[in-house]
Amino acid sequence: MSQIFNKYDLDEVKISDLGLNGYICLDDTIVPHTSGRHVKRQFAKSKISIVERLMNKLMRTERNSGKKNKAYVSVREALDIIQSKTKQNPVQILVQAVENAAPREETTRIKYGGIGYQVAVDIAPQRRVDLALGFITRGTMQSSFKNKKSVAQCLADELLLASNEDSRSFAIQKKEEKERVAKAAH
């Protein structure tokens, strides 16, 4: 039986988006902390647990840079909050949130004949997961800034909204905005 935080069973977590199946890692680990041993290899971050990747993304802001223990505690508390609210496996909620917040198309700039055009392109699965985690953590940090709610409570709220594809979620709004711009560039 594989678990994370010695609480949540990873065997019952299902990934419904087949395109992201190889990029959302659900390996068992009691403490999700790899000490950056995957940094120097290309595409190795897809072998890091999705929970640890969420923690690493929480550390991306200026005020939280390098504070892995703070991110660890926030993610663990957020998963506990989700478990108490929904009575479901919080890792499954996290996976659903990542799947729902991952955009499928974006635009790129192509120069042709001295004129720049925006062209819609499909997004690689690795980038889809990266963008989804980035949207979730950016929404968390924005909602917790100058707010009485803790980062853990805001993260739990953002994950629950994104897993239900609620339009109040920052991550879902950003995904829809990116896909709307890509649709206009067709």
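**Entry 1**

I began by settling my terms: Ala, Val, Leu, Ile, Met, Phe, Trp, Tyr, Cys and Pro count as nonpolar, Asp, Glu, Lys and Arg as charged, and the others, Gly among them, as polar. I also noted that I am looking at a predicted model.

**Entry 2: the largest pocket**

I looked up the largest pocket and found about 440 Å³ of space in it. Its lining is made of 20 residues, and Val39, Lys45, Ile48, Arg53 and Asn56 are the ones nearest the centre. Two elements give two or more residues to this lining, α1 (50–58) and α4 (125–144). The largest share comes from α1, with four residues. Sorting the lining by my terms, I got five nonpolar, seven polar and eight charged residues.

**Entry 3: the second largest pocket**

Next I turned to the second largest pocket, which holds about 290 Å³ of space. I counted 15 lining residues here, with Arg60, Thr61, Gly134, Thr137 and Arg138 nearest the centre. Again α1 and α4 each supply at least two residues of the lining. For this pocket the largest share, eight residues, comes from α4. The lining of the second largest pocket splits into five nonpolar, four polar and six charged residues.

**Entry 4: salt bridges**

How many salt bridges are there? My count came to twelve, and I followed up a few of them.

I started with aspartate 130, which forms a salt bridge with lysine 45; their closest N and O atoms are 2.8 Å apart. Aspartate 130 sits in helix α4 and lysine 45 in the loop between β2 (8–9) and α1, so this pair ties together parts that lie 85 residues apart in sequence. Is aspartate 130 buried or exposed? At a relative accessible area of 15% it is buried, because buried means under 20%. Lysine 45 has 36% and is partly exposed.

My next pair was aspartate 157 and lysine 85, whose side chains meet in a salt bridge at 3.1 Å, N to O. Aspartate 157 belongs to helix α5 (residues 151–163) and lysine 85 to helix α2 (residues 68–86), so the pair joins parts 72 residues apart in sequence.

Then I checked glutamate 177 and lysine 174, a salt bridge with the closest N and O atoms 3.7 Å apart. Both residues lie in helix α6, three residues apart, which is about one turn of the helix. Glutamate 177 is partly exposed at 37% relative accessibility, and lysine 174 is partly exposed at 23%.

I also wrote down a network of salt bridges that links Asp17, Arg104 and Arg128.

**Entry 5: isoleucine 172**

I stayed with helix α6 (residues 170–184), where isoleucine 172 is found. Isoleucine 172 is buried, with a relative accessible area of 3%. Which residues does isoleucine 172 touch, not counting those up to four places away in sequence? I listed Asn100, Ala101, Ala162, Glu165 and Asp166. Alanine 101 is 71 residues away along the chain, but its C-alpha atom and that of isoleucine 172 are separated by 5.3 Å.

**Entry 6: a hairpin**

Last, I looked at strand β3 (residues 105–112) and strand β4 (residues 115–122), which pair in the antiparallel sense over eight bridges. Tyrosine 112 stands opposite isoleucine 115 in β4. The two strands form a hairpin with two residues between them. In the turn I noted glycine 113, which has a positive phi of about 65 degrees.

Key:
Residues numbered from 1 in each chain as written. Predicted model: local features only at pLDDT ≥ 70, side-chain atom pairs only at ≥ 80, totals over all residues. Heavy atoms only, no water. Pairing = 2+ DSSP bridges. Buried < 20%, exposed > 50% of the residue type's maximum accessible area, 1.4 Å probe, protein only. Contact = heavy atoms within 4.5 Å. 1 Å grid on protein atoms, 1.4 Å probe; cavity = no way out; pocket = protein on both sides within 12 Å on 5 of 7 lines; lining within 4 Å. Points joined across faces, edges and corners; volume = space filled by probe spheres on them. Salt bridge = Lys/Arg side-chain N within 4 Å of Asp/Glu carboxyl O.
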